Amino acid sequence: MCGIVGYIGYRSAIDVLLNGLTKLEYRGYDSSGIALHNGKHIDTYKAVGKLSNLKDIINPIKSELDKSTVGIGHIRWATHGAPTTINAHPHTCNCGKLVLVHNGIIENYQELKEKLEKEGCVFKSQTDTETVAHLIAKEYGKLHNLTEAVRVATEKIEGAYALCVMHQDEPDTIVATKRNAPLVVGIGENEFVVASDVPAIIDYTNKAMYLEDNQIVTLTKNSMKLIDKDNHELKGKIEVLPWEPVALSKMGYKHFMMKEIHEQPSIIRNLLSGKITGLNEPLNLSEVKLDKDAVKDLNRIQIVACGTSLHAAMVAKYIIEDFCNIAVDVEPSSEYIYRKTVTDKNTLVIGVSQSGETADTITAVRQSKEKGSHILIITNRPDSTMARYADSLISVCAGIEVSVAATKSYMAQLVAFYLLAIYIAEIKNSADKELLKRLKKELIVLPEKAEEILSQETPIKKIAHKYANSKNFIYIARGINFPTALEGALKLKEISYINATGYTAGELKHGPIAMLDETLPVLSIMMKGKVYDKILSNSEEAKARNAKMIALTNVTDDNLKDLFDDIITIPETDEYLSPILAIIPLQLIAYYIAEFLGKDVDQPRNLAKSVTVE
Ligand code: F6R
């Protein structure tokens with residue numbers, strides 16, 4: 001989703017901005033733009049499509065632009081108005097003197113626009129953002145002070161925004177502010193980089209200040225002033241970021257997605273380290289800040305998440321209910337926030353998010369916090385907005401995930417949930433001790449089993465290529481692997497644009513079976529355990545309708561060859577833990593199909609990595 005960068009200092013601003021935008025590319029975008037102050041006036045450059053298109057415009061004149069040491073940049077993921085050059089940021093007021101970039105959605109933009117049009121403003125774009133440019137410019141006309149103009153204008157705005165603003169008449173100033181959208185200021189020696197996310201600043205400094213909602217920061221080359229919405233000066237909290245410059249290297253892989261799939265075994269290992277100290281020792285999860293009595297008193301857990309994170313949460317429901325005997329509701333955050341949800345002091349609310357910036361999940365978490373629930377956040381970004389709402393925080397430490405399609409973060413979330421379920425079950429004494437011991441023992445060897453799957457990719461690749469031209473795909477499973485079917489189908493849809501759907505195998509005959517014919521592949525996820533035979537029967541039903549049958553199984557059974565056209569076999573594990581291994585071949589299938597079809601694997605069309613608008 002949109003990303004913004006601003007630079008003021010002594011370096012060539014264009015270099016810092018292009019580098020920063022490249023580091024934010026992973027968020028997903030469809031156009032980009034830059035504005036530079038050259039001391040006299042501001043020039044803007046915009047392009048539709050990849051950043052390389054913007055670079056193509058800039059490169060022939062780059063030596064002239066290098067003199068500018070103040071500028072702002074943007075990658076846009078279209079919400080209001082198509083991805084066109086006119087709609088790309090930066091946006092300007094009518095006289096062109098005020099220029100800004102924006103991440104978020106201005107909810108009252110229609111109302112503001114009508115008023116501004118009556119006052120003579122002429123709109124060039126279809127965006128909500130342009131309203132803000134006119135609004136601030138109007139205030140500037142009265143106040144002649146950019147900070148004040150931003151402060152007064154943003155009081156009139158409803159919705160979410162992170163803004164970086166420049167004015168021709170204040171050549172040594174960038175003003176930035178935010179509400180319900182992330183913004184961090186990197187603080188260097190006589191320079192500042194302000195951005196939507198840390199990767200854009202970390203090449204220049206590891207000292208940073210996260211802006212709080214409604215704070216306004218005014219940056220010059222050698223000063224930074226922070227105020228609140230009432231113009232009171234504030235002392236910002238400056239942090240040293242625990243980050244190294246982000247190389248964003250593919251490490252020899254063709255795509256980040258493949259690199260990230262291959263990182264999964266070590267991610268499991270890292271997450272387990274220090275947690276399982278002995279099979280007879282209680283699992284150590286000091287991240288959970290509820291005391292033991294509060295854990296014993298828990299009567300309900302609500303998990304809110306979106307997309308892939310939601311699928312991890314669905315697996316969690318199976319294990320937490322089974323091991324901990326606590327009712328678990330799992331709900332897409334975007335639904336949860338628009339209805340009455342019943343919680344009490346014994347309800348634990350868990351927000352799961354790779355980015356920690358998903359707007360719907362942040363809102364869900366905020367609402368629950370206001371109602372007094374204990375908030376546990378499971379995220380890959382402990383520095384995110386969502387993490388700031390956490391009473392308990394499990395940082396899954398999967399490392400930055402560049403590929404828009406989530407893989408390693410899903411794996412890390414799953415492992416975090418297994419640890420949490422075992423931790424609660426041990427405190428509550430609610431599960432068979434031998435079962436928990438067995439699971440801990442098995443968790444420790446799972447990284448090796450994951451490595452085994454990854455070392456045998458060739459047959460999976462062949463199967464992927466065989467079915468790559470299918471128009472539709474069905475994934476079926478039952479029980480704890482139903483979320484695996486949903487996640488496998490989501491991965492395929494996202495990066496290959498094939499219509500793939502996950503069903504519980506038992507539901508197939510209640511409707512979807514009508515779609516089956518010899519053109520439709522059905523992939524049955526059949527892990528050893530209590531529902532294995534049931535899925536086998538459901539697969540027979542699909543086979544009888546001439547579907548092309550693919551098995552993903554950890555059972556070696558020669559009879560399967562009669563039923564299935566293709567079989568992917570993975571190492572055996574406990575049924576409870578099987579989602580951890582079963583997802584890996586499905587990630588690979590999605591990858592190899594998309595790659596075969598020549599799709600943009602790491603940056604699929606229409607998708608954004610951080611969905612910062614509701
Ligand atoms: C799928 C994917 C998305 C995200 C979803 C939530 O590959 O990446 O479905 O899972 O947008 O994002 P987070 O986890 O950052 O809240």
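**View 1. Helices α13 and α14 are roughly antiparallel to each other.** The model is predicted; local features need pLDDT of at least 70, side-chain atom pairs count only at pLDDT 80 or more, and totals for chains, interfaces and linings use all residues. Residues are numbered from 1 along each chain as its sequence is written, and side-chain values use heavy atoms, without hydrogens or water. Helix α13 spans residues 408–428 and helix α14 residues 433–454. Their axes come within 11 Å and cross at roughly 155°. Axes are lines fitted to C-alpha atoms, for helices over the stretch in contact, with angles from 0 to 180 degrees between N-to-C directions. Angles over 145 degrees count as roughly antiparallel, under 35 as roughly parallel, 65 to 115 as roughly perpendicular, and the rest as oblique. α13 passes α14 in a left-handed crossing. Left-handed means that the near helix is turned anticlockwise from the far one by less than a right angle; clockwise is right-handed. Helices are DSSP runs (H or I, at least four residues), numbered from the N terminus.

**View 2. Helices α4 and α5 are oblique to each other.** α4 covers residues 109–118 and α5 covers 129–143. The two axes cross at roughly 50° and come within 10 Å. This crossing of α4 and α5 is left-handed.

**View 3. The crossing of α15 and α19 is right-handed.** α15 holds residues 457–467, and α19 holds 578–596. Their axes come within 8 Å, at a crossing angle of roughly 55°. That makes α15 oblique to α19.

**View 4. The shell around the ligand has 14 residues.** By class, five are nonpolar, seven polar and two charged. Ala, Val, Leu, Ile, Met, Phe, Trp, Tyr, Cys and Pro count as nonpolar, Asp, Glu, Lys and Arg as charged, and the others, Gly among them, as polar. α10 (307–324) and α16 (482–496) each supply at least two shell residues. α10 gives the most, with three.

Definitions and conventions
A residue is near a molecule or strand if one of its heavy atoms lies within 4 Å of it.
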